[in-house]
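Here are a few friendly notes to read alongside the model. Please keep the structure open as you go through the points.

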Amino acid sequence: MQQPARQIHDVTSFGITCASCGNAVTELPFQPTKRDDGTYGRIFCRDCNRNRQPSGGGGFRR
Ligand SMILES: [Zn+2]
């Protein structure tokens with residue numbers, strides 16, 4: 001079985017910083033879109049995104 005390749009967008013040039021830890025966000029699994037207020041909303045770096053994943057609860061499919 002093959003898993004679908006996760007596309008990573010290089011967002012280094014976007015100058016996005018993590019809303020949680022403030023580190024520069026250099027890659028995202030999605031393409032960020034600018035909003036009316038000129039920001040990209042709350043975007044988290046890869047580490048914080050992983051930490052934000054809810055653990056337990058049986059939401060994970062195996
Ligand atoms: Zn972070």
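1. How confident is the prediction? The protein chain has an average pLDDT of 86, and 87% of its residues score at least 70. Among the elements, strand 3, residues 24–25, has the highest mean pLDDT, at 96, while helix 1, residues 46–52, has the lowest, at 88.

2. Now for the layout. The chain contains 4 strands and 1 helix. Starting at the N terminus, the elements follow the order β-β-β-β-α.

3. How many of the residues count as buried? Of the 62 residues in the protein chain, 5% do. As for contacts between residues at least 6 apart in sequence, 28% of them join residues at least 24 apart.

4. Is Asp10 buried or exposed? Asp10 counts as exposed because it has 9 C-beta neighbours inside 10 Å, and the cut-off for exposed is 12 or fewer. Leaving aside neighbours within four places in sequence, Asp10 is in contact with Thr26 and Glu27. Val25 is 15 residues from Asp10 in sequence, and their C-alpha atoms are 9.1 Å apart in space.

5. Next, look at Phe14, in the loop that runs between strand 1 (9–10) and strand 2 (16–17). Phe14 has 17 C-beta neighbours inside 10 Å, so it counts as partly exposed. Which residues does Phe14 contact, leaving aside its neighbours within four places in sequence? They are Pro32 and Tyr40. Pro32 is 18 residues from Phe14 along the chain, with 8.7 Å between the two C-alpha atoms.

6. Finally, please turn to Phe30. Where is Phe30 found? Phe30 sits in the loop between strand 4 (27–28) and helix 1. Phe30 counts as exposed because it has 10 C-beta neighbours inside 10 Å. Along the chain, Phe30 and Arg6 are 24 residues apart; in the model, 9.4 Å separates their C-alpha atoms.

Key. Residues numbered from 1 in each chain as written. Predicted model: local features only at pLDDT ≥ 70, side-chain atom pairs only at ≥ 80, totals over all residues. pLDDT = per-residue confidence, 0-100. Helix = DSSP H or I, 4+ residues; strand = E, 2+ residues; numbered from the N terminus. Buried ≥ 20, exposed ≤ 12 C-beta atoms within 10 Å, placed from the backbone. Contact = placed C-beta atoms within 7 Å.
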